[in-house]
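These are my notebook entries on one structure. I wrote down each thing I looked up, in the order I looked.

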Amino acid sequence: MDLREAALTDLIDSWLASAFAPHHIESTITAMTEALPLDHSPAAGTAAQMIIIECDAKLERYRAALDAGADPAVVTG
């Protein structure tokens, strides 16, 4: 059997649109959070937080460079 992406995309798009519709959003978020594993390791949280801190620092440097007049093409390169 050959399953094509096009056979699923309309169905998935419709389902996503319904799941995230304003009248379903709260139940969708609840279902998503309840599906998360309960045994999060502290190390995973710490590692994720460090990545976020590093990304925030990079963004701040990029903003500072742009504010100082750097060429956006160079900064985004």
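I began with the word for cover: buried means under 20% relative accessible area, exposed means over 50%, and partly exposed lies in between (1.4 Å probe, protein chains only). I looked up Ile12 with this rule; at 43% relative accessibility, Ile12 counts as partly exposed.

Entry on the source. I noted that this is a predicted model, in which local features need pLDDT of at least 70, side-chain atom pairs count only at pLDDT 80 or more, and totals for chains, interfaces and linings use all residues. I number residues from 1 along each chain as its sequence is written, and side-chain values use heavy atoms, with hydrogens and water left out.

Entry on confidence. I looked up pLDDT, the predictor's confidence in each residue, from 0 to 100. The protein averages 90, and 99% of the residues score at least 70.

Entry on the helices. I took helices (H or I, at least four residues) and strands (E, at least two) as DSSP runs, numbered from the N terminus. I found four helices and zero strands, in the pattern α-α-α-α along the sequence. Helix α3 (residues 42-67) has 26 residues and reaches 37 Å from its first C-alpha to its last, close to the 38 Å expected at 1.5 Å a residue. The expected span is 1.5 Å times one less than the number of residues. After α3 I noted Gly69, whose phi is positive, near 100°.

Entry on overall shape. Of the 77 residues, 5% count as buried.

I used accessible areas from the Shrake-Rupley method with a 1.4 Å probe; for residues, only the protein chains shown count as cover. The total comes to about 6800 Å², of which 65% belongs to carbon and sulfur atoms.

Entry on a patch. Patches are made of residues with over 30% relative accessible area and no salt bridge; like charges are joined within 9 Å, and nonpolar side chains (Val, Leu, Ile, Met, Phe, Trp, Tyr) within 5 Å. Leu3, Leu8, Leu11, Ile12, Trp15, Leu16, Phe20 and Met32 form a nonpolar patch with about 820 Å² of accessible area together. Its largest share, five residues, comes from helix α1 (residues 5-19), where Ile12 is found.

Entry on charge pairs. I counted a salt bridge where a side-chain nitrogen of Lys or Arg is within 4 Å of a carboxyl oxygen of Asp or Glu. How many are there by this rule? I counted one. Glu60 pairs with Arg63, the closest N and O atoms being 3.6 Å apart. The two are separated by about one helical turn because they are three residues apart in helix α3. Glu60 is partly exposed at 47%, and Arg63 is partly exposed at 46%.

Entry on helix α2. I found Ala31 in helix α2 (residues 25-34) and read it as partly exposed at 45%. Ile25 is also in α2; at 29%, Ile25 counts as partly exposed.
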